[in-house]
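Subject: Structure handover and notes on it

Hello,

Here is the structure for your files. My notes follow below it.

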Amino acid sequence: MRVHGTLFGDEAGALAGLVIPWLQVAGWITLGLAALGVMAASALRVQIAYLVLASIGTLMIGFSLATPAATAGSLYYLIHSTLLAAAFFLLADMIVRARGEDADRLEPGAAMPNGVLLGSLFFLLALALAGMPPMSGFFGKLLILHAALDDPRMAIHYAVILVSSFVIIVALARSGSTLFYRSHAEAPSTGLPLQKAALPALLGLMLAAPLMVVLAQPLTALLEATAQQLHDTRGYVDAVLSVAAVGSES
């Protein structure tokens, strides 16, 4: 944001907004291919990695709108996706330990220890990262989509974000069903007991989803102020140039 605002901002003459169209197209392609990757993944950790790429594609679209409202929404979504993706990777490690030889392959296996708890956590994280209400992912995407209403390419933004969200929801529903509902109860489990030491960290990260919704008003107010500052290119340049060099006399 700083580099773009300085080099390609409104005062850059012929370079003004040069990156925006390319960033939008790159965002569409990234989000679309990442959603297909989530659907095609054969292992849970690979699927989560594609979810991170999908979040990056969403952020690219949000930042490419180049308005304070879109930037504020993108910053909100950035916080959400960072914390919840970390939580999902922690959960994936717990599932790998619980499944034993089956690891994180998205295929039916033996019933895992603490399957109800792990399945419930998987369900909540899937809702959050897929952008389903009432989780923070839904609110973040809503902020970006609302900011896109005045963009000339609004229809494409809406189509790419909404269709990819649907594909991701279907893919995660299929993964959850495979891991937790299609297990072979009669097969002996080779998994390890739940690693309780990691559970507080996981739950702490997951709390971000409801807290970001409950505290949406003060959080969005802070992010809107941050976005306004990011878009104040002239103020940023003046602030940097007004600082005396280290060792110089005032």
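Among contacts in the chain between residues at least 6 apart in sequence, what percentage join residues at least 24 apart? The figure is 78%, where a contact means heavy atoms within 4.5 Å.

Before the rest, the basis. This is a predicted model, in which local features need pLDDT of at least 70 and side-chain atom pairs count only at pLDDT 80 or more, while totals for chains, interfaces and linings use all residues. Residues are numbered from 1 along each chain as its sequence is written, and side-chain values use heavy atoms, with hydrogens and water left out.

Overall layout

The chain has 11 helices and zero strands; both are DSSP runs numbered from the N terminus (helices H or I, at least four residues; strands E, at least two). The C-alpha trace spans about 75 × 45 × 30 Å along its principal axes. Of the 250 residues, 42% count as buried (buried is under 20% relative accessible area, exposed over 50%, partly exposed in between, with a 1.4 Å probe and protein chains only).

Helix α4 covers residues 68–99, which is 32 residues. From its first C-alpha to its last, α4 reaches 46 Å, close to the 46 Å expected at 1.5 Å a residue (the expected span is 1.5 Å times one less than the number of residues). Just after α4, Gly100 takes a positive phi of about 65°.

Pockets

On a 1 Å grid over the protein atoms alone, a pocket is an open set of points with protein on both sides within 12 Å along at least five of seven lines, whereas a cavity is a set where a 1.4 Å probe fits but cannot get out; lining residues have an atom within 4 Å of a point. Grid points are joined across faces, edges and corners, and a volume is the space filled by probe spheres set on the points.

The largest pocket holds about 450 Å³ of space. It has 20 lining residues, and His4, Gly5, Gly9, Asp10 and Thr233 lie nearest its centre. Helices α1, α2 (20–40), α10 and α11 each give two or more residues to this lining. By class, the lining of the largest pocket has 10 nonpolar, seven polar and three charged residues. For these classes, Ala, Val, Leu, Ile, Met, Phe, Trp, Tyr, Cys and Pro count as nonpolar, Asp, Glu, Lys and Arg as charged, and the others, Gly among them, as polar.

The second largest pocket holds about 390 Å³. Of its 21 lining residues, Gly119, Phe122, Phe123, Gly176 and Tyr181 are the closest to the centre. Both α5 (115–130) and α7 (154–181) supply at least two residues, and α5 has the largest share, with nine. The lining of the second largest pocket divides into 15 nonpolar, six polar and no charged residues.

Cavities

How many cavities of 30 Å³ or more does a search of the whole structure find? There are two. The largest has a volume of about 50 Å³, and its lining includes Leu31, Tyr77, Lys141 and Ile168. Helix α3 (residues 44–64) gives the most to that lining, with four residues. The second largest cavity has a volume of about 30 Å³. Among the residues that line it are Met1, Arg2, Leu230 and Tyr236. Helix α1 gives the most here, with three residues.

Backbone points to check

Most residues other than glycine have a negative phi, and most peptide bonds are trans. Ala66, in the loop between α3 and α4, has a positive phi near 60°. Ala66 counts as partly exposed because its relative accessibility is 35%. Asn114, in the loop between α4 and α5, also has a positive phi, of about 55°, and is partly exposed at 39% relative accessibility. A cis peptide bond joins Pro133 and Pro134, with omega about 5°; Pro134 is in the loop between α5 and α6 (136–147).

Regards
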